Amino acid sequence: MITKAPRGTHDVLPSDVYKWNYIENIAKSVAEKYGFKEMRTPVFEHTELFERGIGETTDVVEKEMYTFEDKGKRSITLKPEGTASVVRTFIEHKLYADSQPTKLFYITPVFRYEKPQAGRYREHHQFGVEVFGASNPSIDAEVINLAMTIYQSLGIKQLELRINNIGCPICREAYHKELKNYLSEKVNNLCTTCLSRYDRNPMRIIDCKVDKCQEQLTEVPLMIDHICDECHDHFNELKKYLEALEINYTVDPKIVRGLDYYTKTAFEIITEEAGKKGTLCGGGRYDKLVEDCGGPKTPGVGFGMGLERALLSLENQQIDIPKPKNTDAFIVTMGESASLVGFKLLKMMRDQSIKADQNHVTRSVKAQFKYADKLSATYTIVIGDEEVNNNVVLLKNMLTGEQEQVSYDDVVNILKERLIEGE
Ligand code: HAM
């Protein structure tokens, strides 16, 4: 079906693209205020990067990656998330050699072969940030604060921040033993996916959405109760920093996150109306990832926010997204010489940053005015043979209906003044 987009993908039509620009511009400008710098990475990477980075036993790597062999017989994968690529860049370009921390942000398409539903797509877009080289909990709080501030700047309400500490490789090993011990008697009641998780990635069972699995977890030991002193102190410090900024949070010991690289802090931001299904943003600390991907020992922390979900929240909460003005002036012409004169005027206006357009198809004057209306043009400039001969144009304010004859040589300046004054 060449006339239908692939399942789970969506087009952004010209009538909607301003909404995306609005969200992206706000996210970018807030991130820049926080000292983050933008970066871009390729849409695809070597498959191994994600297998190593995200974890071979995660749903993302096991079931959801768009992986293919390229013509050079390399295994290539479309980015299933943004962090691993940024880590690869950090290592490849030796960004660790600069003064740390390195504070980066990006906007990227993300590809996951998931069952499409509202807010869940096979191609979605994320605004993400990653900070490298800082292990202080204040930077975790800074990253969380940045995410919250972006949502607040967008006007999204009823935000709920949930935090957890999911330990480090030291305390997690002992916890895994305890968890497996608890689950050992219940393992036959788990869904088939969790059955396979039991040996390979038991912590993910806690996050399973299947009812019969949740029923087995009523008294499940939780990581937060088994974290080592260092993780414990980190968590307490993080809470202090959040409290200093008066950011409300709840500790949710069941947050485990779907990607394996997290250590210590894990967090999610949801809106009450969407609930857990509509997680707006997820992130956390990953102090081993750079090393696991072949770089020097470097702590990291970041988040990814789904842009489609941000947009859904704006729409659900009926938040107005300001529509940019398309056309300041539309030139209505009658006859060939008027069209030529208008064409020159068009360039002069655009050179002065006036958003201008002209008729380019066969249309009556009436139809040209109708079209100008459709473009929501603030002014129309009418040019016929008489105007050409007298070096004048007819300037009409489309909002008030006022019409006046002005000199061709003055019209650009007149418009410029009025449009700037009218802003
Ligand atoms: P994630 O939780 O997998 O984390 O995704 C981040 C956000 O992307 C989610 O909270 C959600 O808003 C959105 N999202 C995820 N999957 C979909 C989907 N199928 N359709 C629509 N939106 C979706 C990461 O990807 C990590 N890389 C975040 C991170 C950065 N952690 C540290 N640094």
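Predicted model: local features only at pLDDT ≥ 70, side-chain atom pairs only at ≥ 80, totals over all residues.
**Figure 1**

**Figure 2. Strand S12 and its parallel partners S13 and S14.** S12 and S14 run parallel and are joined by 5 bridges. For a landmark in this pairing, look for Val332, which stands opposite Val382 in S14. S12 also pairs in the parallel sense with strand S13 (residues 356–358), over 3 bridges. In that pairing, Phe330 has Asp357 of S13 as its bridge partner. Strands of a sheet pair through backbone hydrogen bonds, either parallel or antiparallel. How many residues of strand S12 (residues 329–333) are buried? The count is 5 of 5, and the strand is mostly covered. Ala329, Ile331 and Thr333 lie on one side of S12, Phe330 and Val332 on the other, and both faces are covered.

Figure 3. The 3 strands follow the order S2-S4-S3, with antiparallel pairing. Strand S2 (44–46) and strand S3 (67–69) stand at the edges; each has a single partner strand, so one side of each is left without a neighbour in the sheet. On average, neighbouring strands of this sheet are turned by 35 degrees against each other, direction ignored. Helix H2 (residues 47–54) packs on the sheet and touches S2, S3 and S4. The direction of H2 makes about 80 degrees with that of S2. S3 and strand S4 (residues 75–78) are joined by 3 bridges, and Thr67 stands opposite Thr77 of S4.

**Figure 4. The largest pocket and its lining.** The volume of the largest pocket is about 1,300 Å³. Which of its 49 lining residues are the closest to its centre? They are Glu64, Arg112, Glu114, Arg120 and Lys209. Among the elements that each supply at least two lining residues are helix H3 (59–64), strand S6 (123–132), helix H7 (192–200) and strand S10 (281–285). Strand S11 (300–306) and helix H11 (307–316) also each supply at least two. The largest share of the lining, 5 residues, comes from S11.

Figure 5. Thr265 sits in strand S9 (residues 263–271), and its relative accessibility of 1% counts as buried. Beyond its neighbours within four places in sequence, Thr265 is in contact with Asp140, Asn164, Asn165, His234, Leu238, Gly283, Gly284 and Arg285. Ile224 is found in the loop between helix H8 (211–215) and helix H9 (229–244). Is Ile224 buried or exposed? With a relative accessible area of 16%, Ile224 is buried, because buried means under 20%. Not counting residues up to four places away in sequence, Ile224 touches Asn164, Asn165, Phe235 and Pro253. For a sense of scale, Ile224 and Arg52 are 25 Å apart in space, C-alpha to C-alpha, and 172 residues apart in sequence.

Figure 6. Most residues other than glycine have a negative phi, and most peptide bonds are trans. The peptide bond from Gln100 to Pro101 is cis, with omega near 5 degrees. Pro101 is found in the loop between helix H4 (83–92) and strand S5 (102–111). Gln158 has a positive phi, near 55 degrees, and lies in the loop between helix H5 (137–154) and strand S7 (159–165). Gln158 is partly exposed, with a relative accessible area of 41%. Ser353 also has a positive phi, of about 65 degrees, although it is not a glycine. Look for Ser353 in the loop between helix H12 (336–351) and S13; with a relative accessible area of 64%, Ser353 is exposed.

**Figure 7. Two assigned domains.** The domain assignment gives domain 1 (14–168 + 227–316) and domain 2 (329–417). Taken over C-alpha atoms, the centres of domain 1 and domain 2 are separated by 49 Å.

How values were computed:
Residues numbered from 1 in each chain as written. Heavy atoms only, no water. Pairing = 2+ DSSP bridges. Helix = DSSP H or I, 4+ residues; strand = E, 2+ residues; numbered from the N terminus. Axes fitted to C-alpha atoms, helices over the stretch in contact; angles between N-to-C directions. Contact = heavy atoms within 4.5 Å. Buried < 20%, exposed > 50% of the residue type's maximum accessible area, 1.4 Å probe, protein only. Domains from an automatic or database assignment. 1 Å grid on protein atoms, 1.4 Å probe; cavity = no way out; pocket = protein on both sides within 12 Å on 5 of 7 lines; lining within 4 Å. Points joined across faces, edges and corners; volume = space filled by probe spheres on them.
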